[in-house]
Amino acid sequence: MRVRAISYQLSAISVWHRRLVTRTTVIAVTVAACQGRAEPPAAAWIDATATLDSATTPVYEGNAPLSFRFMLDMRRGDALTLSAFSLGAHSGTHIDAPQHFIADGASIDQVPLTALVGPARVIQIPDSVQAIDAAELNRHQWKGAERVLFRTRSTSGHWMNSAVFHHDFAYVAPDAAQLLADAGMKLVGIDYISAEQFGAPAPRTHRTLLGKGIPIVEGLDLSDVPAGDYDLVVLPMKVRGHEGAPARAIVRHRT
Ligand SMILES: [Zn+2]
C-alpha cells in the first residue's frame with residue numbers, strides 16, 4: 001500500500017511538473033513576443049549558395065570534374081542509401097583561403113570566423129560591366145562596408161546554375177581589389193566561380209586580396225539577394241591544410 005501511495009504521489013508530481021513546464025514555456029514565448037525579442041524565424045534567411053549538381057554546376061576550365069555517385073540506393077532496393085562525391089576545392093559556392101596564391105598564407109581551416117560571419121553589402125553591378133575596376137567600384141556606396149558581395153551579369157544570366165563555363169563573367173579588377181584591401185575589407189565575394197578576369201596575365205586580384213589575408217567567396221548564387229545590407233554567414237568545409245573549400249552561404253536583411 002505504501003509503495004502504491006508513493007507511486008501515485010510521484011505520478012501526480014510528474015503531471016504537475018509537466019503542466020508547469022508547459023505553462024512556463026507559453027509565458028516565456030509570450031513575453032519574448034511582447035518585448036519584440038523573439039528570434040527571427042529561420043525563413044528570414046536567404047540561401048545564397050549554388051546547388052552542387054553535375055548537370056548544372058559550372059566547372060572552371062581545367063579544374064577537377066564533379067562526380068556524384070550512389071554506392072547503395074534504397075530506390076534500387078538496397079537496405080540504405082550511401083553515396084560518395086569528388087570535386088575540386090573551388091566548385092560551386094566556395095571560399096579561397098590565402099594559401100591559394102600566397103605561399104605561407106592561411107589554409108581554409110585557419111580562415112577566422114570573424115571574416116566569414118557578419119555584415120555584408122550586396123552591390124549591384126550593371127550587366128554591361130565586365131570589369132569591376134576602381135572607377136566602377138567608386139560609382140557605388142561601398143565605403144564603410146565590412147564585406148562586399150558583387151551581384152553582376154552572372155546572376156542575371158543564372159550562370160551559377162548552368163554547366164556551360166562562361167568566360168566573360170564580371171570580375172574584380174586589380175585596382176578595385178587594391179581599394180578594397182586598403183580599406184580593410186574582411187571578405188570580398190562575387191557571383192561566379194572566379195573573382196579574377198578569365199585569362200588575366202597575372203592573378204593580381206587574388207594576390208592583392210589574399211595577400212592581405214582577405215578571403216574571397218566565389219560562386220555565390222545571388223538570384224534572391226538584391227542589392228542591400230545583410231548579415232552574412234558563409235562557412236566552408238574545414239579541410240586541414242587546403243587552399244579552399246566549398247561553402248554554404250546564407251544572408252538575411254539587416255533591420
Ligand atoms: Zn576559388
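## Working around helix α5

Just after α5, G184 takes a positive phi of about 75°. Helices here are DSSP runs of H or I with at least four residues, strands are runs of E with at least two, and both are numbered from the N terminus. Residues are numbered from 1 along each chain as its sequence is written. This is a predicted model, where local features need pLDDT of at least 70, side-chain atom pairs count only at pLDDT 80 or more, and totals for chains, interfaces and linings use all residues.

**Exercise 1.** Work out which residues of α5 are buried and what covers them.

*Solution.*
- Start with burial: a residue is buried if 20 or more other C-beta atoms lie within 10 Å of its own, exposed if 12 or fewer, and partly exposed in between, with C-beta atoms placed from the backbone.
- In α5, that picks out P174, A176, A177 and L180.
- They sit on the same side of α5, because their arc around the axis is only 155°; the arc is taken over directions from the helix axis to the C-beta atoms.
- Their cover includes β6, α3, β7 (147-151), β8 (171-172), β9 (187-190) and α6.

**Exercise 2.** Describe how α5 and α6 pack.

*Solution.*
- Get the axes: these are lines fitted to C-alpha atoms, for helices over the stretch in contact, with angles from 0 to 180 degrees between N-to-C directions.
- The axes of α5 (residues 174-182) and α6 (residues 204-211) come within 8 Å and cross at roughly 5°.
- α5 and α6 are therefore roughly parallel to each other; the label goes to angles under 35 degrees, with over 145 roughly antiparallel, 65 to 115 roughly perpendicular and the rest oblique.
- Now the contact, meaning C-beta atoms, placed from the backbone, within 7 Å: α5 supplies P174, A177, Q178, L180 and A181, while α6 supplies R204, T205, T208 and L209.

**Exercise 3.** Find where D133 lies and what D133 touches.

*Solution.*
- D133 lies in the loop between β6 (131-132) and α3 (134-137).
- Count its surroundings: D133 is partly exposed, with 17 other C-beta atoms within 10 Å.
- Leaving out residues up to four places away in sequence, D133 touches A173, D175 and A176.
- D133 and D175 are 42 residues apart in sequence, yet 5.9 Å apart in space, C-alpha to C-alpha.

**Exercise 4.** List what V188 touches.

*Solution.*
- Skip residues up to four places away in sequence.
- That leaves V148, V172, L180, A195, L209, I214 and I216.

How values were computed
Two residues are in contact if their C-beta atoms, placed from the backbone, lie within 7 Å.
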